[in-house]
Amino acid sequence: MGQGARKAAMLLLSMDPSAATELLKAARPDQVTEIAAELAYLRSAGGVDPHEAVLEFVQMLQNARRSSVDSDLRFMLESALGKEQCQEVLVQVKRLLQAKDPFLAVRNREVGELAAALAGESGSVAALVLNELPPRKASQLLGLLEEPVRLAAIKCMTSVSDVSPEAKVRVAEVVLKRLAMQFGREVISTEERRQRQLRNVALSIRGLKPDLRERTLEALAQQDAAAAKEVRQLMVVWEDMPLIADRTIQEVLRTVDAKQLALSLNGSDEATIAKVRDNISERASEMLEEEMSLLSGARHVEIQTARRAILDSLLELNERGELAMADG
């Protein structure tokens, strides 16, 4: 979709969220994801090129609505796709943003923090960071760097050389890790922080007896019905698979065909794949191997749908108090 997604995002930014939602409903799921990524990119600091007049206008527009644009994006996606698929799209949006611009989170940090993170770094690393910042912020950062780093960075910036996308990703990761170590906080979005909090709540009440857990969830639902629903879903997530008792995994996997199981394992870590293989028959394992070898180009939504079916079965066991974890 490319430039079309950018133009569509610019149009949606200028509209009332309700009207924008109606337009978004007409788009295909993959188009919605790409447009949502552009919306998130346009509203992020540094995500707009100041040298392009039309994008300057968008920057001015989104500055006027910065306080509400995050909720507007979620509102539009939830209204167009539903809450569950909205979450899937937001995960994809995060991945697209990281691939599109690995320095997006770096630009949002304070100049003083960036200077501390670059202390003792090579001139080439500092130069790459400086080149990725808006001119005014880059100038402020340059003045805060130690003299040897500053001089080396300027020398690197004056030489013409191409930097590979892989190198940019590595440097951005190094800087963000340093920032997290030095300032004791991760670079996470408000939505990620919210999801972590809800997951912690889900883990806290997952082990309660069914009747007590249900009363707790009902009390939560009276205060926030949406949060209570998400907590239910977060009691068992895909990352929990290696921690679930073998007998529980075996019970659930009996009803899953090889194709859906192969889809669900696409992109999973080794521990999860090993857990599944250890709990299916030799014949089923051969069929799974065959399906996985034929699997190519699976869409994220297909993978998530396959996983959701397995997780729903695990959640049903949990509601009945029959979900067994490997650690007891």
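**Exercise 1.** In this predicted model, work out how helix H17 (residues 258-265) packs on helix H20 (residues 300-319).

*Solution.* Start with the geometry: the axes of H17 and H20 lie 8 Å apart, at an angle of about 110°. Angles of 65 to 115 degrees count as roughly perpendicular, so H17 is roughly perpendicular to H20. Next comes the hand, and the crossing of H17 and H20 is left-handed. Now list the residues in contact: H17 supplies Gln-260, Leu-261, Leu-263 and Ser-264, while H20 supplies Glu-302, Ile-303, Ala-306, Arg-307 and Ile-310. Sorted by class, the contact of H17 with H20 has five nonpolar, two polar and two charged residues.

**Exercise 2.** Find which residues of helix H10 (residues 135-144) are buried, and see how they are arranged around the axis of H10.

*Solution.* First, pick out the buried residues of H10: Lys-137, Ala-138 and Leu-141. Second, view H10 down its axis; the buried residues fall within an arc of 100°, so they line one face of the helix. Finally, identify the packing partners: the buried residues of H10 pack against helices H7 (104-107), H8 (111-117) and H9 (123-131).

Notes
Residues numbered from 1 in each chain as written. Predicted model: local features only at pLDDT ≥ 70, side-chain atom pairs only at ≥ 80, totals over all residues. Heavy atoms only, no water. Axes fitted to C-alpha atoms, helices over the stretch in contact; angles between N-to-C directions. Helix = DSSP H or I, 4+ residues; strand = E, 2+ residues; numbered from the N terminus. Parallel < 35°, antiparallel > 145°, perpendicular 65-115°, else oblique. Left-handed = near helix turned anticlockwise from the far one by under 90°. Contact = heavy atoms within 4.5 Å. Nonpolar A, V, L, I, M, F, W, Y, C, P; charged D, E, K, R; others polar. Buried < 20%, exposed > 50% of the residue type's maximum accessible area, 1.4 Å probe, protein only. Arc of directions from axis to C-beta.
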